[in-house]
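Please have the sequence and the 3D structure open while reading. The paragraphs below go through the chains, then the contact between them, then a few single residues.

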Amino acid sequence: MINKEVNSIEDAIKGVDNKMTFMLGGFGLCGIPENAIKALSESGINGLTCISNNAGVDDFGLGLLLHKKQIKKMISSYVGENAEFERQMLSGELEVDLIPQGSLAERCRAGGAGIPAFFTPAGYGTEVAEGKEVREFNGQPHILESALEADFAFVKAWKGDTAGNLIYKGTARNFNPMMAMAGKITVAEVEHLFPAGELDPASIHTPGIFVQRIFQGKDYEKRIEQRTVRTKE
Amino acid sequence: MALDKIGIAKRIAQELKDGYYVNLGIGIPTLVANYIPEGINVEFQSENGVLGMGPFPFEGEEDADLINAGKQTITTLEGAVFFDSATSFSMIRGKHVQLTVLGAMEVSEQGDIANWKIPGKMVKGMGGAMDLVASADNIIVAMMHTNKRGESKLLKKCSLPLTGVACVKKIVTNLAVLEVVAKGFKLLERAPGVTLEDIQNATEGKLIIEGDIPEMVL
């Protein structure tokens, strides 16, 4: 068994540097690598390109890095929940590449799967297609999208083992599995870390081969963006 | 009388068929889940990675790891399944989802849709909308017939940046049910008490009226 466990957050993010490209899992604030984001924020590195479906909220998630102006460019599909983000984007301080959510997921998957580019119908005829090759398949126009890779991918899972195998909970899975595949160094933080052999091999979502470092995170806030409930009749 | 949002949702719910997998967008579309016709089984897909979405949780039972694409807390029903975003959009692009209902700022008589950006004002991103409209065979737009300034949202040509081209098949508004056909918006039904003139006045794009146009039955 190859042991991927690191014992401190410092070891987990060792090697991160200015101007690197990072992938960060999560959908909204669901399934984000809270510990890694906090450590990156405290590290003070900047000039970063961050690939993440969303950009956090003003004081949490990637909002922490935005607030300290550590991010130079965001590659996302939806960024609507963050006033500081909007301010930096409209003032030109922050470069933003908005791409369709399915294309974002597939571009990450492709990056990890050794597929340099693929054709998709999403975005044809829109500004997303500008400058991209268009080709017809089965009579339908498609646009060429390229794979995404990152120097580091930071992902969050529910359970993991020291071999790097990961199991996600509920909809906290989202972008984490594809980003785990596409990171040159993938750092996984988990709520519960087990010795290798304790998780059922048939129940693993992300095989440990995609994960280089794993640690048990702490103090998870797991904020809810839109707490929506019904009342008992 | 023009419909309210709930009326629009109720009318769209009549389009659900037994065995459908359905993706509901944020806003009015989300309400459709409350009015599933009797005797019909459908499953709701949310593109953040769940099939078999149930109602909102009771207070105190919210789970931060269980949300829909609008980031609202949800529950799951029997037979539900979670999956990653790439698998989710495989379901969508691969046409495994039979019906997509989404909101729009503008729809053109060619079936183009704009719903993600107002240049210089609002840039939130397209989320999954571009993938959804590019692939779904059956797209229903749920929206008000006019915007807050009273201007028509059913246009000859969209003025806002597009989300997708020639993709909208049906539109349900507070005034009417319309089908997008080769020559324009074909009027299928009127909201109760709404006249043809009301609809004509609120429609900038080409409105096709053939024969008697029945009132919606809600």
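Contact here means heavy atoms within 4.5 Å. With that definition, residues 24 or more positions apart account for 71% of the contacts in chain A with a separation of 6 or more. The model is a predicted one, in which local features need pLDDT of at least 70, side-chain atom pairs count only at pLDDT 80 or more, and totals for chains, interfaces and linings use all residues. Residues are numbered from 1 along each chain as its sequence is written, chains are lettered from A and ligands numbered from 1 in the order in which they are written, and side-chain values use heavy atoms, with hydrogens and water left out.

Chain A has 6 helices and 11 strands; helices (H or I, at least four residues) and strands (E, at least two) are DSSP runs, numbered from the N terminus. The radius of gyration of chain A is 18 Å, close to the 17 Å that the globule rule gives for 233 residues, so chain A is as compact as a globular protein of that length. The radius is taken over C-alpha atoms, and the rule is 2.2 Å times the number of residues to the power 0.38. Along its principal axes, the C-alpha trace of chain A spans about 55 × 50 × 40 Å.

Of the 233 residues of chain A, 56% count as buried. Buried means under 20% relative accessible area, exposed means over 50%, and partly exposed lies in between (1.4 Å probe, protein chains only). Chain A exposes about 10000 Å², and carbon and sulfur atoms supply 47% of that area. Accessible areas come from the Shrake-Rupley method with a 1.4 Å probe, and for residues only the protein chains shown count as cover. Chain A carries 25 positive and 31 negative side chains, with the centres of the two sets 3 Å apart. Lys and Arg count as positive and Asp and Glu as negative, while His and the chain ends are not counted; the place of a charge is NZ of Lys, CZ of Arg, CG of Asp or CD of Glu.

Chain B comes next. Chain B has 5 helices and 15 strands. Its radius of gyration is 17 Å, close to the 17 Å that the globule rule gives for 218 residues, so chain B is as compact as a globular protein of that length. The C-alpha trace of chain B spans about 50 × 40 × 30 Å along its principal axes. Of the 218 residues of chain B, 56% count as buried. Among contacts in chain B between residues at least 6 apart in sequence, 60% join residues at least 24 apart. The accessible surface of chain B is about 9300 Å², of which 51% belongs to carbon and sulfur atoms. For the 21 positive and 27 negative charges of chain B, the mean positions are 9 Å apart.

Within chain B, helix α1 (residues 5-13) has the buried residues B:G7, B:I8, B:A9, B:R11, B:I12 and B:A13. The buried residues of α1(B) pack against α2 (28-31) and against the strands β5 (99-102), β10 (139-142), β12 (170-172), β13 (176-181) and β14 (184-190) of chain B.

How many residues does the contact take from chain B and from chain A? It takes 47 residues from chain B and 49 residues from chain A. The area buried between the chains is about 4000 Å², of which carbon and sulfur atoms give 61%. Buried area is the accessible area (1.4 Å probe) that two parts lose on being put together, summed over both. In chain B, B:F58, B:D65 and B:K71 lose the most area to chain A, together 19% of what that side buries.

Two single residues have contacts in both chains. A:E106 is found in helix α5 (residues 101-113) of chain A and is buried, with a relative accessible area of 14%. Leaving aside neighbours within four places in sequence, A:E106 is in contact with A:F118, B:A86 and B:R93. B:G164 lies in the loop between β11 (154-155) and β12 of chain B and is buried at 4% relative accessible area. Not counting residues up to four places away in sequence, B:G164 touches A:T126, B:D112, B:I113 and B:V133.

A:K19 has a positive phi of about 70° although it is not a glycine; A:K19 sits in the loop between α1 (9-12) and β1 (21-24). Is A:K19 buried or exposed? A:K19 counts as exposed, at 70% relative accessibility. A:N174, also not a glycine, has a positive phi near 30° and is found in the loop between β9 (166-167) and α6 (176-182) of chain A. A:N174 is buried, with a relative accessible area of 0%.
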